[in-house]
Amino acid sequence: MRAVVQRVKEASVSVDEKVTGSINQGLMVLIGVEDGDTEKDAEYIAKKVSALRVFDDEEGVMNLSVKDIGGGILAVSQFTLLGDVRKGNRPSYFSAAGPEEANSLYRKTVELVEANGIHVEEGVFQAEMIVNIVNDGPVTILLESKKLF
C-alpha cells in the first residue's frame, strides 16, 4: 500500500461540481492499494498517517501530529500511485489491486484513522474527482507499507 501525505492549510475534493470532502489545516492523503495488500498494510498506513509529526510546535520544530493540532484528514483513493513507468512512457497499473479489494482496504484504512480520533473527509471511490489543496510548507511525505524506499 502506498500513500502520499501532504501537509495542507486547506483541501477539498469535488465530484460533478459538488464538494464531497473538505478540511482546513491537516493532511491530504492519497492512498493506493496494491494487489496482495492485506489489513496489515492498512494498519501500517493508518498508524503512520495518524502519528506523523509534520506540524510545527511552539518552537517551530515539526513535532506535532494532525491529532495534536486538532486537524483533519482528506483521504482519496488513487490507484495511479501504483503506476509503473519503468518501461515506456505510459503507466502500467498491473500491480494495482482490483476495485473490490482496493475499496475494502481503503475503507479499512479510513476506519482505522477515525478510530484514532481523527476527523476524516473523503473523495468518492472510482469517481473522476477534482482535488484542490493549499500545500503548507510544502511538506510531502511518501509512505510505503512494504518499505520499498
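**Inside the nonpolar core**

Let's start in the middle: the largest nonpolar core has 27 residues, and V5, L27, V29, V49 and I73 have the most contacts inside it. A nonpolar core here is a set of buried Ala, Val, Leu, Ile, Met, Phe, Trp, Tyr and Cys residues joined through side-chain atoms within 4.5 Å. Buried means under 20% relative accessible area, exposed means over 50%, and partly exposed lies in between (1.4 Å probe, protein chains only).

This is a predicted model, in which local features need pLDDT of at least 70, side-chain atom pairs count only at pLDDT 80 or more, and totals for chains, interfaces and linings use all residues. Residues are numbered from 1 along each chain as its sequence is written, and side-chain values use heavy atoms, leaving out hydrogens and water.

Helices (H or I, at least four residues) and strands (E, at least two) are DSSP runs numbered from the N terminus.

Now look at α1. Its buried residues are D41, A42, I45, A46, V49 and S50. Seen down the helix axis, they fall within an arc of 155°, so they line one face of α1; the arc is that of the directions from the axis to the C-beta atoms. An α-helix has 3.6 residues a turn, so residues three or four places apart point the same way. On the other side of α1, K40 and K47 are exposed.
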